[in-house]
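Q: Could you walk me through some packing features of a protein model, giving the general idea and then the case at hand?

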Amino acid sequence: MQRKPSPRGLLIFVALLALVATGCNKLKARDELNKGVAQYKSAKFDRAIEHFQRAIELDPELLNARLYLATAYASQYIPGAPSEENIRMGEQAVREFEKVLEVDPNNLSALDGIGSILFNMGGNPFKPELMERSKQFHMKHIQIKPDDPEPYYWVGVINWTLAYRQNKELRAEYNRRNPNRQVKDVDPLPVSLREQFARSHGAMVDEGIRHLEKAIELNPQYDEAMAYLNLLYRQKADQVTSEQEREQYIAKAEALVDKVKEVRQMKEAAAPTS
């Protein structure tokens, strides 16, 4: 007389099969991830993307696969290239990084990845709204890890980019309206434009200065941050009311130019020779 399997036994057996299948899928997913990484390192991004996508299908919880997939899309994006395919690549990179943040909202690699892509997508053609979005992701990085100098640097770069564009547009419009009184790039802004520039971008310039100064405080050899701080001091000089104050900001900017040269010479001297 045959004994029939109990319903409880069947459930346990099915659960065990599911566990085995899940384990096999996770192993296959990691294998696909490793293959994708190898293709990525060889700059074969299309093949790498296929492997990363398969890894995610096999194991949706494999976060590294999602990060690599987003990075592979980002690596193919060419800043300023106007083709629909290139724009799609940048947008896809952003979406994949956002999927990482849905799982891990504090993932610094994803935050930095989105910030970088949005900055590049907002540069050419110029889209200030993308620059502002980019800044928000760098600010989030600062909230999570305030001792990293890089996000402070990027806030400064973005604020300088936005302020510089406005300054340049104000000068161009003034020169169009005043063909016999041209304002050169090195000249102070006329009083009316100076006041307008200070109202629209004064707080932004101050914020950028604070963030670049913080980046240099955290990394005293941060020559790129010094270079942009020099540029932001010049934007600040175009906003102040007195000539004396303007000269003070220009002097601070010039001192940073010398400091950048000094730091870069030190780095070159310390670099190992082949």
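Q: Over the ring of which residue does the charged end of Arg165 sit?
A: Bear in mind that this is a predicted model. The charged end of Arg165 sits over the ring of Phe126, at 4.1 Å from the centre of that ring.

Q: How many aromatic pairs are there, and how are the planes of Trp160 and Tyr164 arranged?
A: A pair of rings is read from the distance between centres and the angle between planes, with planes under 30 degrees apart counted as stacked and those over 60 as edge-to-face. The count comes to ten aromatic pairs, and one of them is formed by Trp160 and Tyr164, whose ring centres are 4.9 Å apart with 20 degrees between the planes, a stacked arrangement. Both residues belong to helix α7 (residues 149-177), where they are four residues apart, about one turn of the helix.

Q: Why is the pair of Trp160 and Tyr228 edge-to-face, and which helices hold the two residues?
A: The planes of these two rings stand at 70 degrees, with the centres 5.6 Å apart, and the pair is therefore edge-to-face. Because Trp160 lies in helix α7 and Tyr228 in helix α9 (residues 223-237), the pair ties together parts that are 68 residues apart in sequence. Trp160 is buried, at a relative accessible area of 15%, whereas Tyr228 is partly exposed at 23%, and Tyr164 is also partly exposed, at 33%. One aromatic cluster takes in Trp160, Tyr164 and Tyr228 together with Phe119, Tyr153, Trp154 and Tyr222.

Q: How should I read the packing of helix α6 and helix α8?
A: Two packed helices are described by the angle between their axes and by the distance between those axes. Here the axes of helix α6 (residues 128-144) and helix α8 (residues 191-218) come within 14 Å and cross at roughly 40 degrees, and the crossing is left-handed. On the α6 side, Glu132, Lys135, Met139 and Ile142 meet Met204, Glu207 and His211 of α8. By class, this contact has three nonpolar, one polar and three charged residues.

Q: Is Ala215 buried or exposed, and what is Ala215 in contact with beyond its neighbours within four places in sequence?
A: Ala215, which is found in helix α8, counts as buried, its relative accessibility being 0%. Once neighbours within four places in sequence are left aside, Ala215 is in contact with Pro149, Tyr152, Tyr153, Tyr222 and Ala225.

Key. Residues are numbered from 1 along each chain as its sequence is written. This is a predicted model: local features need pLDDT of at least 70, side-chain atom pairs count only at pLDDT 80 or more; totals for chains, interfaces and linings use all residues. Side-chain values use heavy atoms; hydrogens and water are left out. Axes are lines fitted to C-alpha atoms, for helices over the stretch in contact, and angles run from 0 to 180 degrees between N-to-C directions. A crossing is left-handed if the near helix is turned anticlockwise from the far one by less than a right angle, and right-handed if clockwise. Contact means heavy atoms within 4.5 Å. Ala, Val, Leu, Ile, Met, Phe, Trp, Tyr, Cys and Pro count as nonpolar, Asp, Glu, Lys and Arg as charged, and the others, Gly among them, as polar. Rings of Phe, Tyr and Trp (its six-membered ring) pair if their centres lie within 6.5 Å; planes under 30 degrees apart count as stacked, over 60 as edge-to-face and the rest as tilted. Buried means under 20% relative accessible area, exposed over 50%, partly exposed in between (1.4 Å probe, protein chains only). A charge sits over a ring if NZ of Lys or CZ of Arg is within 6 Å of the ring centre and within 35 degrees of the ring normal.
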